[in-house]
Amino acid sequence: MKFPPKLTDKLTRRTEHNALRQLGTSNNLVDFASNDYLGFAQSKALFTEVHNYLLDQNLFQNGATGSRLLTGNHALYTSTENQIAAFHDSEAALLFNSGYDANIGFFSAVPQKGDFILYDELIHASIRDGVQLSNATAYKFKHNDDEDLERLILKTKTDSNTIIYVVTESVFSMDGDTPPLTEIANICQKYAAYLIVDEAHALGVFGNQGKGMIQMQALQQQVFARIITFGKGLGCHGAVILGSTILKSYLVNFARSLIYTTGLPPHSVATIQIAYRHLAQNNEARQQLRQNINTFNQQKQLMGLKPLFVRSKSAIQCAVIPGNEKVKNIANQLQQKGFNVKAILSPTVPEGQERLRICLHSFNSEAEIVAVLNALSHLLF
Ligand SMILES: Cc1ncc(COP(=O)(O)O)c(C=O)c1O
């Protein structure tokens, strides 16, 4: 059967723009690319503990067997949600199959026709997709710009009944930077807007016991909902929405990405539960990551690379190198030198904003950090 010509044309255009995506395979290069910030995804101790727990509990179950609303809601779900809610100082927690599912579930269900969603212009694709599914009106505000947000709130809030949802990330996935969260939370409070913060890249990286940026800044009471994902710092899979008990009940009733899908298998939920325990206890990995972030920032300054990088104190460090071809070429050369560094191409980021995305981990050595920056410096200057 002939592949539809319109689709072939789209692929051809991608190739012409040097932007064709292809699935790679894993490699043995030094990891400066994965989201496994604390090395939990590779942790034998964590794997063994989960395995033994499942054996002890006689949990020989491969799949959830149905939606959580039908047969899929294993008892582990409840205990894990309670544990996570307590850890994050939230009234309630609701597990989703992924961060993508959590975001499309939330934004397609919560903001209603006549409501407004104000989102940071660099917000993650999963939030954008959720917003697209919503009947609310959406406007973007300038990246990390609380003044622009306030201006937009004043423009949209025509009377006291206007419902406004504001959404941002505590660590931006393609920049690694952080918005002025206290200012944003205060603005939301001032105008009675509902603040939602995606903490995907903050869990395990910021805050006491890696609880995230919102708790680090003691803003949990000012936030309507937090989205936390487990595929990054926690090294496993799934996500949770933190909020009030009534929000949880609302999502159980209306979030279609929770209702119309098979739940996570119990062993995934057990992994989340035990990974959280490791997170609370494994101070060493969190400190090592912090130290590596500091080393990276010092070294990039020493080597004169700082102006190239987006300002970041997170595990995500991005050097903006405009042009798909150029940035791809540099990433390829770094890979040939043994460093797994990925190029982020347009259209994932806006044209002219193409970048190298270097992810730091607790397990990267100082020598590796110095070497990758040295190699980058030689390729650029
Ligand atoms: C900010 C942000 N939110 C949500 C997601 C989606 O999370 P998941 O990978 O669990 O679907 C990601 C991951 O790419 C992300 O970076």
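Guide: Begin with a cut-off: a residue is buried under 20% relative accessible area, exposed over 50%, and partly exposed in between. Keep in mind that this is a predicted model.

Visitor: Is Asp89 buried, exposed or partly exposed?
Guide: Asp89 sits in the loop between α3 and β2 (92-96). Its relative accessible area is 41%. Buried means under 20% and exposed means over 50%, so Asp89 is partly exposed.

Visitor: What is the phi of Asp89?
Guide: Asp89 is not a glycine. Even so, its phi is positive, at about 50 degrees.

Visitor: And Ala218, is that residue buried or exposed?
Guide: Ala218 is found in the loop between α8 (213-216) and β7 (225-229). Although not a glycine, Ala218 has a positive phi of about 50 degrees. Its relative accessible area is 59%, and the cut-off for exposed is over 50%, so Ala218 is exposed.

Visitor: How many helices and strands does the chain have, and how compact is it?
Guide: The secondary structure comes to 14 helices and twelve strands. For 381 residues the globule rule gives 21 Å, and the radius of gyration is close to that, at 21 Å. The chain is therefore as compact as a globular protein of that length.

Visitor: What share of the residues is buried?
Guide: The C-alpha trace spans about 60 × 55 × 55 Å along its principal axes. The protein chain has 381 residues, and the buried share of them is 51%.

Visitor: Of the contacts between residues at least 6 apart in sequence, what share joins residues at least 24 apart?
Guide: Contact here means heavy atoms within 4.5 Å. Among contacts in the chain between residues at least 6 apart, the share joining residues at least 24 apart is 72%.

Visitor: Why can charged side chains pair, and how many salt bridges are there?
Guide: Side chains of opposite charge can pair when their charged atoms come close. In this structure the number of salt bridges is six.

Visitor: How many residues apart are Glu49 and Arg277?
Guide: The side chains of Glu49 and Arg277 form a salt bridge, at 3.5 Å from N to O. Glu49 is in helix α2 (residues 44-56) and Arg277 in helix α11 (residues 266-281), so this pair links distant parts of the chain. Glu49 is partly exposed at 31%, and Arg277 is partly exposed at 33%.

Visitor: Which residues are in one network with Lys248?
Guide: Lys248 forms a salt bridge with Glu81, with the closest N and O atoms 2.9 Å apart. Lys248 lies in helix α9 (residues 245-254) and Glu81 in helix α3 (residues 75-87), so the pair ties together parts 167 residues apart in sequence. Lys248 is partly exposed at 23%, whereas Glu81 is buried at 3%. Salt bridges that share partners join Lys248 into one network with Arg68 and Glu81.

Visitor: Is Arg355 buried or exposed?
Guide: Arg355, in strand β12 (residues 355-359), is 180 residues from Asp175, and their side chains meet in a salt bridge of 2.9 Å, N to O. Asp175 has 8% relative accessibility and counts as buried. Arg355 has 2%, so Arg355 counts as buried.

Visitor: Which peptide bond is cis?
Guide: Pro347 lies in the loop between β11 (342-344) and β12. The cis bond has omega near 15 degrees, and runs from Ser346 to Pro347.

Note on methods
Residues numbered from 1 in each chain as written. Predicted model: local features only at pLDDT ≥ 70, side-chain atom pairs only at ≥ 80, totals over all residues. Heavy atoms only, no water. Helix = DSSP H or I, 4+ residues; strand = E, 2+ residues; numbered from the N terminus. Rg over C-alpha atoms; globule rule 2.2 N^0.38 Å. Buried < 20%, exposed > 50% of the residue type's maximum accessible area, 1.4 Å probe, protein only. Salt bridge = Lys/Arg side-chain N within 4 Å of Asp/Glu carboxyl O.
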